[in-house]
Amino acid sequence: MSRSAHPAGPRYADVLPEGHYSAPPADLNALDPKVWARTVGRDEHGVLTVGGIDVKQLAEEFGTPAYILDEADFRARARAWRTAFGSDADVFYAGKAFLSRAVVRWLHEEGLNLDVCSGGELATALSAGMPADRIAFHGNNKSPAEIERAVRAGVGRIVLDSFQEIVRVAHIAQSLGKRQRVQIRITVGVEAHTHEFIATAHEDQKFGIPLAGGQAAEAVRRALQLDGLEVIGIHSHIGSQIFDMSGFEVAAHRVVGLLREIRDEHGIELPEIDLGGGLGIAYTSDDDPREPHEIAKALTEIVTRECEAARLSTPRISVEPGRAIVGPTAFTLYEVGTVKPLEGLRTYVSVDGGMSDNIRTALYDAEYSVALASRSSDAEPMLCRVVGKHCESGDIVVRDAFLPGDLAPGDLIAVPATGAYCRSMASNYNHLLRPPVVAVDGGGARVIVRRETEEDLLRLDVG
Ligand code: LLP
């Protein structure tokens, strides 16, 4: 598509006082390494490149929209988590962030374990060769069929989420002549500083068994009596996109408190605690995430200190990062279809995807960054809203962003940090076809999840 001239959009200075966005960056072509995958850069023509391949080539070969994933970055982040926690702890990658068979193989090779939360995720993990004993099975309403499959497969742990599930898993395991290793998920009553929909340790929500009122202690009491279960530990996940470690500190304090109660009542020290995932990543330059080694050090110190105070031997710790591993490793590549300046407001930039490939902006008010990818530009910054092609005005990908004032149809733009919870939460709304995931590594690119086709859509429609 050729670049057509269009009237200049509003200048940021005209609208800035009313908005909640910050001023435009000094250089719109600059790529903040905090939000972009590690091998992303610009070539001598200003074209965005990843793993040595330019995005124009990727768009030509794989089409747009597409999630472009930097495999080397994924592996490096997985390894960094693994190394940071060392051999005294386990890192379970949270598959809900993004799961495919290639990802399972990378995790296996890098020595990570895997957390799954449905039969579909379990099937993906097993089909790609993840050893069952390195899989943890989560969920607040696992079906009996899912439980049976997990127990038969020999998953390393099932995380029990309710009183009913304690009995259900015990019966299924016993009927199969097995003793299933389980953790009990508790809610410690922490208000995580994050969006309500992704906070999970306050009491008024669906996950876990409350510590309050002795319910968690009662759950442990019941589980310990059941022959089909081997209770190996306590699990706590306080929420997602969290930067402040104080929530983990309170959670660890309370989990260790429960371990102490269990020791005092039953004379046993449970060998494991899992502190869940939830570590935040940078979606914009304003976010300051911590490095895995800092997180590992902080969590290990907290647990060790709490256990010393309770005179317990330190249990084996596990964590479940999802977003912190995959989130920063991918960006979504879109083609600009229309550029519509609205006088006195902002310029609406419509791309060839939208809320079907990234629901996070609509669902959580998530903030994203965006950059012109197919070229660099020295044009004046223009305040934009990047929107999709869905029949819905809430179909927003990036609420407030500055793009060069000469942006035009046919340009490619890239939205970074879309590796987590974008493809995995993608939908077919308006019968859009879900984009592919293209892994780039060492100068080569390959599809690891292919683009959906109209045949895929119609195959399900059997009416
Ligand atoms: N462990 C458990 C038990 C979880 O429930 C989750 C996320 C994780 C680990 C991984 O959390 P992460 O490290 O990825 O933050 N769709 C939302 C996030 C929902 C997270 C659900 N559970 C989003 O797009 O922000």
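In β2, L48 is the bridge partner of R42, in a predicted model for which local features need pLDDT of at least 70, side-chain atom pairs count only at pLDDT 80 or more, and totals for chains, interfaces and linings use all residues. Residues are numbered from 1 along each chain as its sequence is written, and side-chain values use heavy atoms, with hydrogens and water left out. Strand β2 (residues 48–50) runs antiparallel to β1 and is joined to β1 by two bridges; strands are DSSP runs of E with at least two residues, numbered from the N terminus, and two strands pair if DSSP finds at least two bridges between them. The open sheet has three strands in the order β1-β2-β3, with antiparallel pairing, and its edge strands, β1 (41–42) and β3 (53–54), each pair on one side only.

Around the ligand there are 19 residues, of which S240, E320, R360, Y364 and Y421 come nearest, a residue being near if one of its heavy atoms lies within 4 Å of the molecule. Polar contacts, defined as pairs of N or O atoms within 3.5 Å, include one in which an oxygen atom of the ligand is 2.6 Å from a polar side-chain atom of Y421. A polar backbone atom of G322 lies 3.0 Å from an oxygen atom of the ligand, and an N or O atom in the side chain of K96 lies 3.4 Å from an oxygen atom of the ligand. Taken alone the ligand exposes 580 Å², of which the protein buries 91%, with accessible areas from the Shrake-Rupley method with a 1.4 Å probe.

Technical notes. A polar contact is a pair of N or O atoms within 3.5 Å; within protein, one must be able to donate a hydrogen and the other to accept it, and residues adjacent in sequence count only if both atoms are side-chain atoms. Helices (H or I, at least four residues) and strands (E, at least two) are DSSP runs, numbered from the N terminus.
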